[in-house]
Amino acid sequence: MDRREAVRNMAFLMGGAISVTTMGALFESCNRPATDKAGSLLTFSADQQAMITEIADMIIPTTDTPGAKAAGVGPFITMMMSECYPDKAQKVFMDGLADVDTRAKALFSKGFMDLSTDQRSAVLKAIAEKTAALKAEDKKKDEADKPKEVAGTRGAKKKGKSYFFQIIRELTLLGYFTSEIGATKALVYLPVPGKYEGSIDLKPGQKAWAM
């Protein structure tokens with residue numbers, strides 16, 4: 001199984017924890033020819049790459065197991081964003097990345113990379129709370145618009161709305177748990193599995209199984 005297949009399988013297992021935007025990007029990119037692309041090729045500056053790496057490491061920090069930075073999640077995120085996501089989601093991501101620095105300066109008069117761990121956590125918490133509020137507001141608007149659906153459009157598939165923090169969180173989880181470190185250190189990895197058992201009880205405190 002290659003990395004692309006592992007990412008798709010992990011996204012499938014995470015189910016409702018993955019947004020429509022990310023699921024669409026993953027499944028479309030995994031099924032399209034390698035010469036095809038979802039959106040415009042993005043390039044990230046060294047400063048942007050460093051910020052993405054630090055944000056990912058705030059989401060999955062080093063504890064008793066290595067964190068996102070050690071697992072190389074930052075480069076994974078930029079690769080996925082550049083090669084798999086459509087233009088609209090790419091713009092949301094880049095605008096959101098710039099907003100991280102703007103919020104850091106508004107709260108602490110310094111750029112995100114110059115903040116302490118606690119200050120960075122405060123910035124990301126504010127962004128996460130804003131994202132939750134925006135999602136709730138958009139959900140209300142969608143529900144209010146349902147009675148206005150015209151004949152022939154009911155049941156039509158709607159594209160999910162993109163949110164920066166949701167995208168970077170999802171890609172952090174996907175990148176980490178499909179990396180060698182995530183699969184062997186944070187999860188229980190069995191390189192040569194035996195017979196298939198569809199339901200196995202986990203012991204108290206036992207880690208989940210890797211793909």
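**Surface and overall make-up**

I started with the accessible surface of the protein, which comes to about 12,800 Å², with 55% of it belonging to carbon and sulfur atoms. Accessible areas come from the Shrake-Rupley method with a 1.4 Å probe, and for residues only the protein chains shown count as cover.

I noted that this is a predicted model, where local features need pLDDT of at least 70, side-chain atom pairs count only at pLDDT 80 or more, and totals for chains, interfaces and linings use all residues. Residues are numbered from 1 along each chain as its sequence is written, and side-chain values use heavy atoms, with hydrogens and water left out.

Next I looked up burial. Of the 211 residues, 37% count as buried. The cut-offs are under 20% relative accessible area for buried, over 50% for exposed, and partly exposed in between (1.4 Å probe, protein chains only).

The protein has eight helices and zero strands. Along the sequence the pattern is α-α-α-α-α-α-α-α. Helices (H or I, at least four residues) and strands (E, at least two) are DSSP runs, numbered from the N terminus.

I also checked contacts, meaning heavy atoms within 4.5 Å. Among those between residues at least 6 apart in sequence, 67% join residues at least 24 apart.

**Helices α5 and α6**

Two packed helices are described by the angle between their axes and the distance between the axes. I took α5 (residues 87–108) and α6 (residues 117–145) for this. Their axes come within 10 Å and cross at roughly 120°. Axes are lines fitted to C-alpha atoms, for helices over the stretch in contact, and angles run from 0 to 180 degrees between N-to-C directions.

α5 and α6 are therefore oblique to each other. Angles under 35 degrees count as roughly parallel, over 145 as roughly antiparallel, 65 to 115 as roughly perpendicular and the rest as oblique.

Which residues meet? From α5 I listed D99, V100, R103, A104, L107 and F108; from α6, Q119, A122, V123, A126, I127 and K130. By class, this contact has eight nonpolar, one polar and three charged residues. Ala, Val, Leu, Ile, Met, Phe, Trp, Tyr, Cys and Pro count as nonpolar, Asp, Glu, Lys and Arg as charged, and the others, Gly among them, as polar.

Between α5 and α6 I found S109 in the loop. S109 counts as exposed because its relative accessibility is 66%. Its phi is near 60°, a positive value in a residue other than glycine.

I also looked up D95 in helix α5. With a relative accessible area of 43%, D95 is partly exposed. D95 and F164 are 69 residues apart along the chain, and their C-alpha atoms are separated by 8.0 Å.

**Helices α3 and α7**

I turned to α3 and α7 (residues 164–177), which pack at an angle of about 75° with their axes 10 Å apart. α3 and α7 are therefore roughly perpendicular to each other. I52, I55, A56 and I59 of α3 make the contact with F164, I168, R169 and T172 of α7. These residues divide into six nonpolar, one polar and one charged.

T53 is also in α3 (residues 46–59). At 15% relative accessibility, T53 counts as buried. Leaving aside neighbours within four places in sequence, T53 is in contact with K69, G74 and P75.

**M80**

My last entry is M80, in helix α4 (residues 73–84). M80 counts as buried, at 5% relative accessibility. M80 and G175 are 95 residues apart in sequence and 9.4 Å apart in space, C-alpha to C-alpha.
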